[in-house]
Amino acid sequence: MSTRPSWPNWRLGGSPMRRAWTPDQVRACETPLLDAGQGDALMSRAAAGLANVCATELRERYGHVYGSRVLALVGKGNNGGDALFAACRLARRGAHVTVLLCAGRAHPAGLRAVRALNIDVRELDESDDDVLRFLLCAHLVIDGIAGTGARAGLPDRLGELVRRWRGRKPGRQLVVAVDVPSGVDAGTGQTGGSAIAADVTVTFAGLKTGLLIPPAARNAGRVEVVDIGLELADEQAVVLAVEASDVAALWPAPEPSDHKYSRGVLGLVAGSARYPGAAVLAADAAVSAGVGMLRYVGPDTPGGLIAQRSPEVVAGAGRVQAWALGSGVAPDEESQVDAIRAALDEAIETQLPCVLDAGAFDLIYGPLGMPAILTPHAGELATLLGRLSGTIVSREEIEADPARHAKSVAEAANAVVLLKGAHTVISQPAGPDYVQGPATAWLATAGSGDVLTGVLGALAATAGRKSLPQLAELAALGSFVHGQAALLASQGGPLRSLHVAAAVKYAVTELRVRAREEKNVGQWQL
């Protein structure tokens with residue numbers, strides 16, 4: 001019987017934590033090899049890996065490579081050279097290949113190679129309608145226009161062609177980007193409003209930061225890394241992503257000698273008479289995530305609902321190891337705002353970690369005096385940025401460059417910032433960022449953020465970690481499990497946030513079981 005898991009996004013044999021490096025870091029590793037005359041060998045390995053991915057994708061989608069129509073969009077740099085040599089390999093496998101030179105010139109050796117095979121080479125000086133026809137008729141488009149040194153966005157004519165193509169792109173057509181999709185800033189993840197959207201990006205040596213950071217992460221599609229012989233140090237990675245195999249290693253689990261207090265007690269100030277559901281969702285999620293004890297501080301209405309669903313939750317303040325504050329608390333709910341303020345004062349005095357959501361943000365005016373995770377969406381981040389630094393930005397500007405703005409708030413607040421979205425960006429004042437996602441679109445529903453607050457609060461209480469780097473890792477872990485729980489809850493289609501909260505337990509259990517299976521398979525194979 002097969003031991004390969006069917007779990008969504010599970011990567012059997014994948015190394016813990018996806019890691020990404022800046023283009024400058026990759027170039028620094030590449031330069032000594034280029035200086036040693038190994039440039040041709042590096043390009044040969046890159047082209048071979050690119051061609052293999054293209055051939056695999058063609059076979060999986062169309063059933064064959066032979067006879068398929070391939071269009072290579074070629075720029076003047078090394079990415080264009082990779083595309084040219086990969087096109088030669090596909091032509092030798094029987095594909096009908098056309099090369100479109102998008103910059104007037106191309107890698108000389110690559111161009112000689114395609115001409116030697118009598119591959120059809122065309123210039124971009126043809127009419128836009130003719131170019132669009134080539135784009136629409138191809139089974140596979142290889143994007144080798146721009147490289148890692150290019151700025152965000154495409155030149156006007158190319159950008160307009162890409163927009164027209166994207167609006168009419170056949171559903172089965174494959175787009176494979178070389179190293180990074182053209183128009184994507186490989187360092188920042190910006191797209192400049194026009195960039196190619198790939199189904200698969202074949203990147204070389206290691207992940208580039210821009211391939212994980214939104215909005216460009218959406219353009220990258222699935223990312224395949226081809227080893228070309230560079231040595232990138234794991235500890236120098238500047239963007240990380242938690243994966244399924246990390247859950248077993250990082251998720252807090254009780255020891256035989258533990259009791260409810262030693263496992264971790266979470267204090268929750270959430271919900272109000274106006275928004276009682278926020279408290280219920282956060283409490284459900286915290287209990288489902290495995291907190292030792294949950295203490296709820298708040299009005300009777302949410303408290304009664306919580307008691308009906310989770311009778312183990314204790315009402316009233318008491319000793320805690322962490323606080324989750326602010327979900328569903330409106331600014332005019334004075335009693336709840338006062339409770340948040342009291343919890344923050346206690347946290348500052350005792351250095352307890354806090355998870356701060358919507359209703360707690362109005363109490364942040366400068367660097368926080370305790371270890372904390374802030375969980376804003378883009379609009380809330382814009383408000384925080386304006387208050388903390390005087391920088392006025394719109395929600396749209398945040399979404400166009402989320403990593404930079406999240407980092408600014410993390411530095412100003414001296415806290416971990418988890419910026420919610422289809423891709424979740426987690427920043428800390430110093431050290432690597434984390435990017436998790438994309439989450440299922442069904443998670444865009446009322447209350448999903450309250451569930452996340454409960455999960456993060458449970459982790460903060462049970463993990464016994466207080467440093468900001470530790471909290472950043474926990475935030476990434478909680479975001480990943482939150483997304484996996486949503487996948488479980490949405491198997492039949494639309495989900496309710498209550499279902500996501502309940503599914504947290506099963507997501508953690510399933511991921512830990514899969515990790516043990518993977519470990520056992522690996523030991524058996526050895």
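Tutor: A salt bridge puts a side-chain nitrogen of Lys or Arg within 4 Å of a carboxyl oxygen of Asp or Glu. The model here is predicted, so local features need pLDDT of at least 70 and side-chain atom pairs count only at pLDDT 80 or more, while totals for chains, interfaces and linings use all residues. Residues are numbered from 1 along each chain as its sequence is written, and side-chain values use heavy atoms, with hydrogens and water left out.

Student: How far apart are the closest N and O atoms of Glu 224 and Arg 222?

Tutor: Glu 224 is partly exposed, at 29% relative accessibility. That class lies between buried (under 20% relative accessible area) and exposed (over 50%), using a 1.4 Å probe and protein chains only. Arg 222 is partly exposed too, at 38%. The two form a salt bridge, and the closest N and O atoms are apart by 2.9 Å.

Student: Which residue is linked with Arg 222 and Glu 224 in a network of salt bridges?

Tutor: Arg 222 and Glu 224 are bridged to each other. Their network takes in Glu 57.

Student: In which helix are Asp 338 and Arg 341 about one helical turn apart?

Tutor: Their side chains meet in a salt bridge, 3.1 Å from N to O. Helices are DSSP runs (H or I, at least four residues), numbered from the N terminus; strands (E) need at least two. Asp 338 and Arg 341 are three residues apart, so about one turn separates them in helix H12.

Student: How many salt bridges does the count come to?

Tutor: Glu 399 and Arg 395 make one, at 3.3 Å. By the rule above, the count comes to 18.
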